[in-house]
Amino acid sequence: MKHNFLLFGFAAALLLSGCTKDFENINKNPNGAQEVKNPQFLLPSIIKNAVRNYSYTSEFTASVAGDYYANQYTSGFDDAWTPSQVQGGFLWNFYDQLRDVENLRILSHDKGFKNNEGIALVLRSWMFQVVTDNFGDIPYSEALMGKTAGIFAPKFDRQEDVYYALIDSLNTANSLLAAGQDPVNADILMGGSAMRWRMFANGLRLRLLMRISGKTGLKIDVPSIMGTIAGDPTTYPLFGSYQDQAALSYIEEQGNEFPAYYNNPVYDYHLSTTFETNLNLLNDPRIKYYAQPTPASITAGTPAYGGVPNGIGTAESSYGGGTANQSQVSPVLQPVSAFPQASKTAAQGMILTYSEVQFILAEARERGLITTGDAATYYLNGVNDQFTYLESRLDVANFSYPKANDITPGASYFTQPEVAYTGTTDEKLYKIRIQKWFALFYNGFEGWSEWRRTRVPKETAPGPNSAINIWPLRSRYPLSEQTINSQNYAAALKVQGPDDLVTPVWWEKQ
Amino acid sequence: MHFTCNVSKQFTKTLMLLSLLLQGMILSAQTGRPSVTGIVRNESGEALGGVVIKADNSSTAFTANVTSSEKGIFIFSKLPAGGPYQFIISHVGYFTDTLSDYTISENNSLSLAVVMKTRNQELGQVVVTALGIVQKKAALGYATQEVKGATLNEARDNNFVNSLSGRVAGLNIISGSGVGSSARITIRGESSLNYQKNQPLIIVDGVPVGNDPVQNAGGTVPDYGSSIGEFNPADIESVNVLKGAAASSLYGSRAANGVLVITTKSGKGRKGLGVSYTGGYTWENPLLLPKFQNSFGGGQDGTFVGSNFGYSNNGKYPDGVHEDWDESWGPRLDGRLITQFDSPTDNGYRGGDVYESNRGNIIATPYVAARDNMKDFFVTGHTRFNSVALSGSNEVSNFRFSYTNNDETGIVPNNNLSRNSFNLKAGYKLSSKLTADALINYSKTNSSSRPDLGYGQGTPMYEFVWMNRNVNINSLRRYWQPGLEGIQQFTQDYANGHDNPFFYAYENPSGQNKDQVYGNFKLNYKILDNLSIMGRVGTDYFNDLRPRKMAYSTFNATKGFYQETIFKYQENNYDFLVNYNNNAGDFHYDLSFGGNTMERSRSNRVTTANQLLLPNIYSLNNSSVALQGSSYDERRKTNSLYAFFQFNYQEKVYVNITGRNDWSSTLPKEHNSYFYPSVNTSILLNKIFTMSPAVNLFKVRLAYAQAGNDADPYQIITAYNYQALWAGIPSLSESSQLNNLNLKPEKSSTLEAGTELSLFNSRLGLDLTVYKTSSKNQILPLQTPISSGYGARIINAGEISNKGVEIQLNAVPVRTGKFEWSVNLNFARNISKVISLYPGVEKIVQAAPGEDATIDARVGERMGALYGPGFQRVDSGSLKGMIVIGSNGRPQITSNAMYLGNINPDWTLGINNRFTYKGAYLEFLFDISHGGVVISRFINKATGAGQLIETEGVRLTRVEGHVYDADYFRDGAVLMSDGSYQRNLEVFDGTYSKGINGTGPRDFYKRYYDHNSEAQLIDRSFVKLRELKLGYNFPKTMYAKIPVQNISLSFVGRNLALWTKNQHFDPETGASTGGGLVGGFENLSLPTTRSLGVNLSVNF
């Protein structure tokens, strides 16, 4: 009897210890997929996450950096610009979306899906361009290699090298997309059109080339590449109108609507005086699109607009007689909590527009970087299409005010000296650049980057409450790089200069 | 029938006992033999055999000893007449009793009845150790400490874990806020880099029960408590704290941070049917509220800001009405008449009824301070509990059944909780060899609302940060706008999204409906007298439904919101244990081996309606948008085999050796099996060497142990997470945490040495322990720069060492026949140090629930180090050490995180005094914690917003009307253009009105605190009067005629007084996060409460 019990005990022991067969099954994660074999399962979330992220900063940090809007916290150049804030505020977190882009690129490459690989390269180049423009030297050649190469502290590459690599990789993308036979599925940005992705790739390449076009001693021939693109639309197709451009349309679904739709009211953001001044100088009707009439003027029944200077701190709330005389952010960017008519879909996640590409070509032609086309035509294409585009968004919004025709310019708009393509080369360039700056509203940090390149608009300057005495030239690196990639961070500063807001990035340095 | 029978038997027995006692008291002189007879019983009325009774005639120096029989009877057949005699009654495990001043005459006999009291910290004490094995404390080679259930029940806390604070050396508690909230327990400091994995394992009658709080995802969610906090203290017999790995090595993986072994009450030893009732009522109020200023109201730079409370109703209500600026930098509260949100209008509405189109013109009212806003918001909390237990036993069976009803309301309006618990414990002797034991506990918890916590809209303390001093909170009690009930709230400020706190408390509740069952069934078969086998199955299960409602017009959910979250948890344990013991000469040995299979699963389901079709109907069907859902499921399994061998030599030297091997499902195949041993010894020096009779016990102990630990599930393969659909299109995104295919088990080892000393009939006891713990190969996510593509990767990292000392001192300075004063001291000091982390890694951020500061583990430093930005200071010259003031008049903040202090105390001390006089007792417990820092977000934000008292004095130094005209100058140093530093403040008269670089009053305060963690520090040291109890056990003579065994009544108080350096907050607080409580941060937690109450206990 007792032996039976002992035997039973030992048997139980053996049974227990032997029972590890089901362990692998038990430890299989039911909450996620263990691998992805098809590009279409990665592409939608990449686009959605990246563009929502981009749109969000476009309305807030970027709108102040570009001097479109005024906000006392951001334009003090301390609060929102501290290393603990910039990861999200200045899009260093694009690396988070780039992880999936890299997965898409490797997967497509391994499977020979040229179209999808090309798309991955375009998205990758766009995001890296945004990050390097904001920060300067960034991890690039060793970036995103945590899983593939075990690199958890990537070195920083010089911005110059990043630019060459991106310009090259966009060329590769264009070729891949021209040759690809694989279907582009679940493409929520370009509707599965490889052609539109090529247009995006080539336009983006022009943006990059233009940004470094003022540099001397480059290792690539910018005019030659720009000329090739502008001169060969078959090999290098470009957007034909806003309907081709890279802009994500949000949809009427919870979580997929315009990102700030469910925000709290944004009462502490106002139209900036710089934006107001330049729009009013041209009697530009788009001011109705870019901002809301002041509360006082609404009460009075005569819609009017009032800007606020950046960098005046808490004086902002009493500026111009108080908030009743200050214009709040664009009706298309209003959350429903502040504006009952707010739209979930009017604002798009703008990445690269037809207008911007036309303004690039206009400037390139005006400066003689390219020889094809006519600068005035490019310029007017850009201006006209921008109006048409914004009108189309107001049609979607269906506000009681403004309606699409409220922002339609009269013929005199184009003939006034500030708009007509006349004058000296410098004057023409200023007109191209100010129209481009308008068009870059709500397009990430592009307006700020263009100001850094061109100093247009000329009014952009720090206020008395700023922590620094010039308008910022870059963003500081995020705290995480300082603390957990510290050696490479320190090495980067040796090359680029101090990690502050007044060290220019490479393409701005002369 | 059976019970009735026993009751009457019991009744008779009680009477017999009473009569015996009465005889003892009267010490009746009778004629007959010249002898002394008596009976010895313990407190529960059981006869005690083997008790030594010594008779001592102090005038003749005559002594005699007898020993009591099995039935407790003792007889001195012949004692020489005379006296005075004293009788000294002593027995292992009991307090020695002395009866004095008896005279014995030839023809009188004396009859004595003695009731011996059990000793807590004594030689004969038995403790429940690993796997429910009862051992003599003397045999243990490691430190344990026991807290009796009575102690926990006398001064009940809504979470009994809080009652352990100050009572166990080395045990630290951080308490959450709100009724039914969780408590964070650590024993001997932090040994895991994973901040939330430092809590001990909790075992109830052999079954593990979780203390990991299970919280909803999101920012400012309530603290929903944890399973162990739901345990009914009235059912606890004892809590035994096994402190180190040595004590817990047999529990395996999960016990590396120590174990709380909870033994519940049983019916054993209770003859017949017993009924006991315990009930109580407690009132709770905030212990300490922040101090506000009452001189300046809402506005900016001395002027009113905004229009119409931030809502113009499409331009209908124009300028001229104030209050859409949520900071008190406005004009002096001088009683002038202004139009306010609660001012009446000429149409009979309130100013703030802005959605009413006929609101009318506002009639101005005085602009004055609302001094008691916070006090008026909080309400008195009430706790009522009633617990009834039935118990009984006979030769073959025993049982105890209890029912407890607990109703609580918190200090936040509408915060309430009710719990009903049923507990049944039974044992049955199926045959002379086979016994069965079962335990089942069911509890149902309902809460209509738990308050949201943290920094965000709607949490009570957040709204007070931004509530201007002139906003009268009592005006917010009618929280709907007229005619828009259920649709539009009434609040003071529509611009900045400040929900009316009453509206939020009543209309946006976070409810809970939780069912928990745990229990086990055990069979024990005695094959031989010295060979037995035990089998046991146990389970712990809960289902927790958490409905979350948000009404229309909530700023974060203008069209309402409804969410149902369901958490499920189940853990099953299957055990067997074979035990054999025998003697070999002077050696007694005990050999056991056993096995365990543990299966655990947890899941959650979240379904959300982000907008409601109709207001005020909270059903998932009432959604006007597509419902959103998410789910999470997790499973794990561990198999274990273990063996232990114990032997002792003449009960003088004890040696215990254990070994355990675990197989875990969460580790990769190659590393999923791991073994860990332990060895410890206990030597009773007083039995080996001849010592003064004053020494009752002198024991030394030494222990070494290892414990292994596995990973959380799913940390091997990196997953792609499912993303929300986009127009029906699915997609995946790879997790930002890179998992690890080569994970190894964690390993910790402990070396501890200690001594126990008991002197003077155990009136003085000392227990001293020193230990060193090392924990290696910890599994944790290591942050990586996101530029690598991943935010973190799972690694085996580092080594943490803990060194510490624990001292317990028990003394009975005074003991007379009727009066006794006893003192217990618990002292602990623990220093955890980071020895190494990972190649190339200097620091790991463990937690950061505040704004900028982080709790870092840094190589070479102590665990719990707080880092964050601080003041830039002058580093040389005559102004060395002064803070640097920038050109904008603000202190300059360091760009790199600096060391700010440690969140852990340097040492803790609990001092408990108990005075008893006859049936009355008075007990008070002081809890002292020294050292450490806490970051306070409330102080930071509310000072910056001009609400706290600190912002008043300086403003009052200025002439009225000119408060904001000129700059204020901080003391500090300014870097001049020539490179030298000059003192910024030039006149030191307290007005801060002359200097080099100045700034307005708002910046003067706000920029001093904001994003400057150093400025936000408060000292964590405190002294608390943790408990005060005054009780009385009514003498049986008062109710001799009714079948009641005892009645006791007590008045109790908890957290009655606090001494600490800052005037705003109890520094013993933690930040409530999704992962649990985090120490070192006050993140807008609710004030600690002080409670006063009364308890009644009756045993039939």
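What follows is a chat about salt bridges, ring pairs and surface patches in this predicted model.

Q: How many salt bridges does the structure hold over all chains?
A: There are 70 salt bridges over all chains.

Q: What makes such pairs form?
A: Side chains of opposite charge can pair when their charged atoms come close.

Q: Show me one in chain A. What does Glu35(A) form a salt bridge with?
A: The partner of Glu35(A) is Lys37(A). Their closest N and O atoms are 3.8 Å apart.

Q: Is Glu35(A) buried or exposed?
A: Glu35(A) has a relative accessible area of 52%, so it is exposed. Lys37(A) counts as exposed too, at 55% relative accessibility.

Q: Now chain B. Which residue forms a salt bridge with Arg605(B)?
A: That is Asp633(B). The closest N and O atoms are 3.1 Å apart.

Q: Where do Arg605(B) and Asp633(B) lie?
A: Arg605(B) lies in strand 28 (residues 587-609) and Asp633(B) in strand 29 (residues 628-649), both of chain B. The pair therefore ties together parts that are 28 residues apart in sequence.

Q: And how accessible are they?
A: Arg605(B) is partly exposed, with a relative accessible area of 36%. Asp633(B) is at 25% and also counts as partly exposed.

Q: What about Lys1024(B): which residue does it form a salt bridge with?
A: Lys1024(B) forms one with Asp1066(B), and the closest N and O atoms are 2.7 Å apart.

Q: Which parts does that pair tie together?
A: Lys1024(B) lies in strand 51 (residues 1022-1034) of chain B. Asp1066(B) lies in the loop between strand 52 (1046-1060) and strand 53 (1070-1073) of chain B. So the pair ties together parts that are 42 residues apart in sequence.

Q: Buried or exposed?
A: Lys1024(B) counts as buried, at 1% relative accessibility. Asp1066(B) is buried as well, with a relative accessible area of 3%.

Q: Which residues are linked in a network of salt bridges?
A: A network in chain A includes Asp133(A), Arg207(A), Arg211(A), Glu356(A) and Arg453(A).

Q: New topic: rings. How many aromatic pairs are there over all chains?
A: A search of the whole structure finds 89 aromatic pairs.

Q: Give me one. How are the rings of Tyr477(A) and Tyr489(A) placed?
A: Their centres are 5.9 Å apart and their planes are at 80°, so the pair is edge-to-face.

Q: Where do they lie in chain A?
A: Tyr477(A) lies in the loop between helix 19 (446-454) and helix 20 (479-484) of chain A. Tyr489(A) lies in helix 21 (residues 486-496) of chain A. The pair therefore ties together parts that are 12 residues apart in sequence. Tyr477(A) and Tyr489(A) are both buried.

Q: Which residues do ring pairs link into a cluster?
A: Among them are Tyr68(A), Phe275(A), Trp437(A) and Tyr442(A).

Q: Last topic, the surface. Which residues form a positive patch?
A: That patch is formed by Lys772(B), Lys776(B), Lys803(B) and Lys833(B). Lys772(B) is found in strand 37 (residues 764-783) of chain B. At a relative accessible area of 39%, Lys772(B) is partly exposed.

Q: Which residues form a nonpolar patch?
A: Val396(B), Tyr428(B), Leu430(B), Phe521(B), Leu523(B), Val537(B) and Tyr574(B) form one. Together they have about 600 Å² of accessible area.

Q: Where does Tyr574(B) lie?
A: Tyr574(B) lies in strand 27 (residues 557-584) of chain B. Tyr574(B) is partly exposed, with a relative accessible area of 37%.

Technical notes
Residues numbered from 1 in each chain as written. Chains lettered and ligands numbered in written order. Heavy atoms only, no water. Patch = residues over 30% accessible without salt bridge, like charges linked within 9 Å, V, L, I, M, F, W, Y side chains within 5 Å. Areas by Shrake-Rupley, 256 points an atom, 1.4 Å probe, with all protein chains shown as cover. Salt bridge = Lys/Arg side-chain N within 4 Å of Asp/Glu carboxyl O. Lys, Arg positive; Asp, Glu negative; His and termini not counted. Charge placed at Lys NZ, Arg CZ, Asp CG, Glu CD. Helix = DSSP H or I, 4+ residues; strand = E, 2+ residues; numbered from the N terminus. Buried < 20%, exposed > 50% of the residue type's maximum accessible area, 1.4 Å probe, protein only. Phe/Tyr/Trp six-rings, centres within 6.5 Å; stacked < 30°, edge-to-face > 60°.
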